[in-house]
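User: I would like to learn how to read the features of a structure such as this one. Could we go through it one feature at a time?

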Amino acid sequence: GERVLIVGGGLAGVRTAVELRERGHTGPVTLLGAEPHRPYDRPPLSKAVLLGEAEGDEPLVPPADLAAADITVLTGRRAVGLRPADREVDTDAGPLPWDRLVIATGADPLPLPGPAAGPGNGGVHTLRTVEDARALRAVLGARRHLVIIGAGWIGAEVATAARRAGCPVTVLEAGPQPLAGTLPAGVTAPMRAWYAEIGAELRTDARVTGVGPDGVVLADGTAVAAGAVLVGIGARAATAWTAGSGLPLEEDGTVTVDSALRAGLPDVWAAGDCAAHPSARYGRRMAVQHWDDALRAAATVAAGVLGEPAEHDPVPYFWSEQFGRMLQWVGAPGPGDRVLYRGDPADPTRTVLWLDERDVPTAVLTVDRPRDLAQARRAVERRTPLDPGRAADPGTPLKAA
Ligand code: FAD
């Protein structure tokens with residue numbers, strides 16, 4: 001059978017390998033990962049692992065299952081080059097051949113633009129791997145003053161864990177609100193109070209230029225004292241290893257793929273955080289860096305590799321656990337959509353809906369309202385219009401008009 005090589009031992013990679021076997025692929029399947037661990041799950045890294053409630057390297061798929069499925073897992077080995085004409089990937093331990101190649105190398109945290117001299121003795125951290133999480137856990141254990149750069153998803157989750165561990169926490173955000181640029185201001189403005197609630201200091205419009213020995217340096221020249229720093233300002237697709245191969249990439253470094261997640265070279269696919277797919281649903285290319293997208297993309301790629309019909313155009317979904325709350329999000333609002341609050345916007349649990357001109361919900365954000373999420377998700381996926389009056393009443397289910 002054909003040899004499938006999957007580069008990147010994360011969620012998208014391991015799920016592609018398992019799906020290939022479940023769909024009946026009999027040829028050799030090799031999963032190559034740069035980390036010393038077998039594929040593990042990342043969401044706990046900013047949650048339970050920081051609190052010492054989990055070690056973080058529990059495998060996503062039990063090793064016995066990978067062995068039983070005859071999947072060859074190569075850990076601690078990094079792809080460094082791609083030669084499509086020879087159908088080989090170069091690694092730091094020699095070349096590997098393929099008939100079908102799946103690129104699933106995920107993303108790397110963006111570093112700070114400026115210099116990054118370690119403040120105090122706590123150092124400057126990013127959070128992507130289990131090693132990163134353990135290093136940060138040591139900072140939390142030492143109760144250092146943690147300065148977090150970026151009030152995004154990672155920043156909010158780490159602020160929550162650090163306060164629970166008893167660390168003083170300062171969060172510096174360049175935008176005017178938490179999650180600025182991700183969600184509309186009307187939705188994020190109330191989230192400021194969540195930082196205050198747990199005793200974390202949030203400073204918005206605070207543009208960081210670097211980290212010096214005295215702490216974090218802001219654009220106005222002042223410094224914020226820090227015992228340690230976490231940089232949580234986003235991630236960039238880990239595709240530099242394909243440079244010079246002719247593999248088409250987007251400007252942001254993601255692999256350009258078609259709706260079946262085929263990359264721009266014969267017999268090459270890409271899935272997960274490293275890929276950007278064209279969405280017919282949304283009329284634009286989307287680079288979705290969330291767990292659910294990686295999982296679904298893996299199934300699509302496995303089907304495509306086996307020559308089955310395959311299309312990847314899901315409604316985006318993700319969750320975040322922050323400030324003791326469960327946030328869930330489905331969809332992508334259009335520019336002209338209006339915001340509908342279900343119930344009192346001041347209610348600590350809440351649901352926010354985005355409706356288009358036909359009252360079809362395009363996106364939903366729920367805070368501790370899983371049932372609303374499940375109902376609204378169906379409406380978003382099926383494009384069912386809602387009666388806005390009823391949808392605004394938290395006592396009625398979110399069903400079709
Ligand atoms: P990854 O999981 O990053 O896997 C890629 C793998 O490829 C890595 O192991 C990497 O080392 C390896 N690799 C990279 N380059 C090479 C190379 N050249 N050669 C060999 N191997 C290579 N999403 C949610 O929806 N909800 C959450 O609550 C949530 N929490 C998160 C918390 C944290 C701390 C992080 C980092 C992410 C979180 N996510 C969450 C996002 C989710 O984990 C990712 O979307 C998902 O892991 C993407 O899977 P992936 O396989 O594309 O990439």
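Analyst: Helices (H or I, at least four residues) and strands (E, at least two) are DSSP runs, numbered from the N terminus. This is a predicted model, in which local features need pLDDT of at least 70 and side-chain atom pairs count only at pLDDT 80 or more, while totals for chains, interfaces and linings use all residues. Residues are numbered from 1 along each chain as its sequence is written.

User: Which residues of helix 1 and helix 7 make the contact?

Analyst: Two residues are in contact if their C-beta atoms, placed from the backbone, lie within 7 Å. Here helix 1 contributes Leu11, Ala12, Arg15, Thr16, Glu19 and Leu20, and they meet residues of helix 7 that include Trp291, Leu295 and Val305. By class, the contact holds twelve nonpolar, one polar and two charged residues, with Ala, Val, Leu, Ile, Met, Phe, Trp, Tyr, Cys and Pro counted as nonpolar, Asp, Glu, Lys and Arg as charged, and the others, Gly among them, as polar.

User: How is the protein chain divided into domains?

Analyst: Domain bounds come from an automatic or database domain assignment, and here they give domain 1 (4-108 + 235-305), domain 2 (124-231) and domain 3 (324-391). The centres of domain 1 and domain 2, taken over C-alpha atoms, are 30 Å apart, and 13 residues of domain 1 are in contact with 14 residues of domain 2.

User: What is the order of the strands in the open sheet of three?

Analyst: Strands of a sheet pair through backbone hydrogen bonds, either parallel or antiparallel. Two strands pair if DSSP finds at least two bridges between them, and in this open sheet the order is 13-14-15, with antiparallel pairing. Strand 13 (208-212) and strand 15 (223-224) stand at the edges with a single partner strand each, so one side of each has no neighbour in the sheet. Strand 13 pairs with strand 14 (residues 215-218) over four bridges.
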